[in-house]
Amino acid sequence: MAELIATPGQTIGPFFHEALPYDHDRELVPPGGAGAIRLHGYVYDGAGAGAPDALVEIRQADAAGVVPTTEGSLCRLGAAFTGWGRGSTDRTGHYWFSTVDPGPVRPGAAAFFAVTVFARGLLNRVFTRCYLPEHEAALAADPLLAGLDPGRRAGLVARREPDGGLRFDIHLQGDAETVFLTFPGHRS
Amino acid sequence: MTERTEALPSQRDISAEIVALHDAAEVGETQPRLHFPPYRSSLLRHPTKNPRPADPEGAELVAPVFGHSDVDPLEADLTVQSGGEPIGERMLVRGRVVDGDGRPVRRQLVEIWQANAAGRYVHQRDQHPAPVDPHFTGLGRCLTDDDGGYAFTTIKPGAYPWRNHRNAWRPAHIHFSLFGTDFTQRLITQMYFPGDPLFALDPIYQSVTDPAARERLVAGYDHDLSEHEWLLGYRWDIVLTGSHATYLEPEDHDG
Ligand SMILES: [Fe+2]
């Protein structure tokens, strides 16, 4: 069957805050619980200013490397881990999630969060990955990372913080521009 | 109102930039340019490097799952949420969400947000001096059905001004947020209304340089969806990028 042409994206615009954020949207697990970590960072524009009107979404495996297909992301009652979260940036461009470290989805795989970024001024969503910094061998064997020069590769690997959290900044443009991804099936 | 528009480009300037970019564009560029200078906010927020091809794996292959614990069916009717009748033209928008092979995206979340009939959002940063409607939030959600179908009853949004350039007006639109079966199919876009005179002037709509692709953002008026003495109907179908099931299928799968 011929592949249909996808509907174009359009910017999220400035007025999404009443619509998309919701209670506990960025809490994949309750903050402070056993195994909970804070994944956080800033979304920066090309002048190095934080983007106060961006939205970051993450999709991830659980600690055992299983990607959940459990409902309940919008009403986070009970204990189900759904592996998906949504966090808008604050006025400084900062976002955060309370979550767990994803496990590798197969033995030897590098563990990462799949990340989507939306913002006013960004005409279509962009995708990237946030890799865990541990497991050097898995990172070295990762096909995406292996093809990048060291400077750009470093931007996809989160930094572990003393409290166990992860710091991952997203640069939409500039010298430290994040490596954004295109997947088969995406068109220009 | 205060006139603080001296530094802003004119519509004529913006329109000339749009025409020049379209004239230089290749046919078949079916997604928006991320770098589209007539949309001034894109200048510092577009990646300058080409996106890196990657094979999706792990979490990228599996969209989040939503269900009836997440969405109340009443959230699909934006005209009954706030204890009274909103002002404006009552309308229905109905359509299907399908993947690149035309397969329905079943039981998946659709979120919308929009201005009211006067062109005003319920948002603290909307400064447009048009009335807020106490009976309209402009927020909706639903789950697609087993055929990928969705429907919202709402009020037709008004056009609204913005500060991209002098006397800049957005064509009326509804913002849509969509998920597929893969995380890589995630889409946020805007649905427009047929025949809007503001289309040619709007750098966001025109950031899609291929005319046929732009048309995909415009709903069709569908008289069969209109209801006697009640509302006007529009149809708008959404195609997501192909799911990974597409790439894993053998070459001769249509045989
Ligand atoms: Fe809008």
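Two strands pair if DSSP finds at least two bridges between them. Keep that rule in mind for this predicted model. Strand S10 of chain A, residues 181–182, and S1(B) are joined by two bridges. The two strands run parallel. Within this pairing, A:Thr182 stands opposite B:Pro53, a residue of S1(B).

Now step back to the whole interface. On one side, 84 residues of chain B make contact; on the other, 78 residues of chain A do. Together the two chains bury about 7,000 Å². Carbon and sulfur atoms account for 58% of that area.

Next come the charged links. Five salt bridges are found across the interface of chain B and chain A.

Which elements of chain B supply the side that touches chain A? Several strands each give at least two residues, including S1 (52–53), S3 (109–114), S4 (139–143) and S8 (173–178). The largest share, five residues, comes from S9(B).

What is the make-up of this side of chain B? Its residues divide into 41 nonpolar, 24 polar and 19 charged.

Notes. Residues are numbered from 1 along each chain as its sequence is written. Chains are lettered from A and ligands numbered from 1 in the order in which they are written. This is a predicted model: local features need pLDDT of at least 70, side-chain atom pairs count only at pLDDT 80 or more; totals for chains, interfaces and linings use all residues. Side-chain values use heavy atoms; hydrogens and water are left out. Contact means heavy atoms within 4.5 Å. Buried area is the accessible area (1.4 Å probe) that two parts lose on being put together, summed over both. A salt bridge is a side-chain nitrogen of Lys or Arg within 4 Å of a carboxyl oxygen of Asp or Glu. Helices (H or I, at least four residues) and strands (E, at least two) are DSSP runs, numbered from the N terminus. Ala, Val, Leu, Ile, Met, Phe, Trp, Tyr, Cys and Pro count as nonpolar, Asp, Glu, Lys and Arg as charged, and the others, Gly among them, as polar.
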